Amino acid sequence: MRVFVALDLPQKTKDNLERSSNQFAEHSNGGNFVPKENFHITLHFLGNVAASDLIYIQSAMDAVKDMPAPEIAVTQFVMQRSNDIVWAKLKQNADLVALHDTLGEKLENNGFEVEHRAFRAHITLIRKKSFTLPWTEVVKNVKVYNMPFVATNVVLYESVFGENGVTYRELYKVTLRTNARGLG
């Protein structure tokens, strides 16, 4: 099975990202728009993993559940020209980077290969984008709803490929430590 570990997003954040995505759609003449239910922040993509090895991923996730839930905000929308992807760039913070790094270390200790390039927290909105105007004009017409949110759930997802595209099936979840900050 093809799996990855990600931070789930609060529903209000998904709704805000969908509002922005709909604004992009007004200027689109093609592309694969990510459905709201698939919005997430990938911490580590693990690829194809045997079902019998999932317990080792779960163990690594259990090892980070006492870490603080990161407070996150969308800062801007970015187009990655090399892959024709539009994503929401997130403000990096110490809690988010520490979660990524610690989880990666735990996964490696349990026998999984993880990437060691710089972690760029983001949420993919559109793949294979195509717009009617230049990017600089399109992005001027899309509002960034950057209300800070706290990402409390680390989720192990399986990518399920179907005739209507990819959906993500939750296999396991841990809840991070939170302070009553009232964000969401």
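Select strands β6 (residues 85-90) and β7 (residues 122-131): five bridges join them, and they run antiparallel. Helices (H or I, at least four residues) and strands (E, at least two) are DSSP runs, numbered from the N terminus. Two strands count as paired if DSSP finds at least two bridges between them.

A word on the model before moving on. This is a predicted model, in which local features need pLDDT of at least 70 and side-chain atom pairs count only at pLDDT 80 or more, while totals for chains, interfaces and linings use all residues. Residues are numbered from 1 along each chain as its sequence is written, and side-chain values use heavy atoms, with hydrogens and water left out.

**Stop 1: the sheet**

Pick Val86; its bridge partner in β7 is Ile126. Next pick Lys89, which stands opposite His122 in β7.

Select Gly30 and look across to β7: Ser130 stands opposite.

The four strands form an open sheet in the order β2-β7-β6-β5, with antiparallel pairing. Which strands stand at the edges? They are β2 (28-33) and β5 (74-80); each has a single partner strand, so one side of each is left without a neighbour in the sheet. From one strand to the next, the twist averages 30°. Show side chains if you like. In a regular strand they alternate between the two faces of the sheet.

**Stop 2: helix α1**

Select residues 11-25. This is helix α1, which lies across β2, β5, β6 and β7 and runs at about 10° to β7. Axes here are lines fitted to C-alpha atoms, for helices over the stretch in contact, and angles run from 0 to 180 degrees between N-to-C directions.

**Stop 3: salt bridges**

A search of the whole structure finds seven salt bridges. The term means a side-chain nitrogen of Lys or Arg within 4 Å of a carboxyl oxygen of Asp or Glu.

Start with Asp8 and Lys14, whose side chains meet in a salt bridge (3.3 Å, N to O). Asp8 is buried, at 18% relative accessible area. Lys14 is buried too, at 10%. Buried means under 20% relative accessible area, exposed over 50%, and partly exposed in between (1.4 Å probe, protein chains only).

Move to Lys36 and Asp15, another salt bridge (2.9 Å, N to O). Lys36 lies in the loop between β2 and β3 and Asp15 in helix α1, so the pair ties together parts that are 21 residues apart in sequence. Lys36 is partly exposed, at 22%, and Asp15 is partly exposed, at 28%.

Then select Asp84 and Lys129, a salt bridge of 3.5 Å, N to O. Asp84 is in the loop between β5 and β6 and Lys129 in strand β7, 45 residues apart. Asp84 is partly exposed, at 31%, whereas Lys129 is buried, at 18%.

**Stop 4: helix α2**

Finish with residues 54-62, helix α2. Which of its residues are buried? Colour Leu54, Ile57, Ala60 and Met61. They cover an arc of only 120° around the axis, which puts them on the same side of α2. The arc is that of the directions from the helix axis to the C-beta atoms.

Now show what covers them. The elements include β1 (2-7), β3 (41-48), α3 (94-109), β9 (153-162) and β10 (165-175). Contact means heavy atoms within 4.5 Å.
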